[in-house]
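Hello,

Here is the structure we talked about handing over. Please open it alongside this email; my notes follow below it.

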Amino acid sequence: MKLFLLSLYIFLSFQFISAQDYRENKLIVYGNAVIKAQTDIATFTFSFIGVGPSLELAINDARNKINLVSKELKNIGLTEKSLSTSYFYSGENQNDKAFLSSSRDYKAEIKVVVTLDVFELLEKAITTVSKFSPDYISDISFALKNHSEISKEVLQKAAANAKENAEILATQLGITNMKPRYVEDLSFPNGNDISRNFFRGSRNAEVVLDEKGVQTINIGNTFFSPEIKLIAKVKVIYEIQ
């Protein structure tokens, strides 16, 4: 029993001394960096719902509406690559069937994402879509084309900042020999979008009737590309030798 207690005491004493040596022979530094970049991509979504007495006709109704809008968007300068389908649904219309008719027994919804890298077209594209009275138009988002490259750059700057901080401390404290033994990236994930809800139906839009009763839609606000901030933080432990 005494031998066991002696062995346990020696083991714990060794662990304490090792931990103490480790605490006394390390330098912990942090590095931080921030890069602000101007967003250069904008996206928004819109959708149309089609109805009909059969599923096929409901889908055709929604598709025809989408095709009309797509044609007009291409006329103002958008390309095929600017448009992508993000959602599709079809099935029995459970909400607003016609009481004395089968004309609305089925419905289909198609949602399209519009992506632009020419911000001058953003307001014009939204106005163009609005003229066709979509069931939904919203979710403007801004992002960076080269988000991955900028994320790497800000991490490199944070690592360089940590190294610089370590060198400053080493110089001031008279440390002549140390090596990095542990590195941890403490950065939060840097998202690549800034979202702005726009409007559903005609919200935030002004509908004007001219003397002939023709509707025009004036968007109240002009859209500007916001800055996106990418932040990195690293922790580095140096072993002092």
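**Aromatic pairs**

Searching the whole structure turns up two aromatic pairs. One is F46 with F48: the ring centres are 6.0 Å apart, the planes stand at 80°, and the pair is edge-to-face. F46 has a relative accessible area of 0% and is buried. F48 is buried too, at 2%.

The other pair is F119 with F142. Their centres are 5.8 Å apart and their planes at 75°, so this pair is edge-to-face. F119 sits in the loop between β4 (106–116) and α3 (122–130), while F142 belongs to strand β5 (residues 136–143), so the pair ties together parts that are 23 residues apart in sequence. F119 has 19% relative accessibility; the cut-off for buried is under 20%, so F119 counts as buried. F142 is buried at 3%.

Keep in mind that this is a predicted model.

**Charges over rings**

Two lysines are worth a look. K111 lies over the face of Y87, 5.7 Å from the ring centre. K233 places its charged end over the ring of Y30, at 5.3 Å from the centre of that ring.

**Overall layout**

The protein has 241 residues, and 32% of them are buried. Its secondary structure comes to four helices and 10 strands. Read from the N terminus, the order of elements is α-β-β-α-β-β-α-β-α-β-β-β-β-β. Of the contacts with a separation of 6 or more, 82% are between residues 24 or more positions apart.

**Nonpolar cores**

The largest nonpolar core has 25 residues. F44, F46, L73, V114 and L116 have the most contacts inside it. Which elements each supply at least two residues of this core? They are β2 (41–52), α2 (55–75), β4, α3 and β5.

Leaving out residues up to four places away in sequence, L116 touches D40, I41, A42, F44, L78, L121, L122 and A125.

Another core lies apart from the largest one. That other core has 20 residues, including I35, I150, L230 and Y238.

**Helix α2**

The length of α2 checks out. Its 21 residues, at 1.5 Å a residue, should span 30 Å; the end C-alpha atoms are 31 Å apart, which agrees.

Which residues of α2 are buried? They are A58, A62, I66, V69, S70 and L73. These residues cover an arc of only 105° around the axis, so they lie on the same side of α2. An α-helix has 3.6 residues a turn, so residues three or four places apart point the same way.

The buried residues of α2 pack against β2, β3 (83–92), β4 and α3. L73, one of those buried residues, is also among the residues with the most contacts inside the largest core.

The other side of α2 has E56, K71 and N75, which are exposed. E56 has a relative accessible area of 58%; exposed means over 50%, so E56 falls in that class. The C-alpha atoms of E56 and K107 are separated by 9.3 Å, and the two residues are 51 residues apart along the chain.

Just after α2 comes G77, with a positive phi of about 125°.

How many of the nine residues of α3 are buried? Seven are, and α3 is mostly covered. The buried ones are L122, A125, I126, T127, T128, V129 and S130. Two of these, L122 and A125, are touched by L116.

S133 is found in the loop between α3 and β5. Its phi is near 50°, a positive value in a residue other than glycine. For context, most residues other than glycine have a negative phi. Is S133 buried or exposed? At 55% relative accessibility, S133 counts as exposed.

**To view side by side**

Start with the F46 and F48 pair, then go to F119 and F142. Finish at S133, in the loop between α3 and β5.

Best wishes

Technical notes: Residues are numbered from 1 along each chain as its sequence is written. This is a predicted model: local features need pLDDT of at least 70, side-chain atom pairs count only at pLDDT 80 or more; totals for chains, interfaces and linings use all residues. Side-chain values use heavy atoms; hydrogens and water are left out. Rings of Phe, Tyr and Trp (its six-membered ring) pair if their centres lie within 6.5 Å; planes under 30 degrees apart count as stacked, over 60 as edge-to-face and the rest as tilted. Buried means under 20% relative accessible area, exposed over 50%, partly exposed in between (1.4 Å probe, protein chains only). A charge sits over a ring if NZ of Lys or CZ of Arg is within 6 Å of the ring centre and within 35 degrees of the ring normal. A nonpolar core is a set of buried Ala, Val, Leu, Ile, Met, Phe, Trp, Tyr and Cys residues joined through side-chain atoms within 4.5 Å. Contact means heavy atoms within 4.5 Å. The expected span of a helix is 1.5 Å times one less than its number of residues. The arc is that of the directions from the helix axis to the C-beta atoms.
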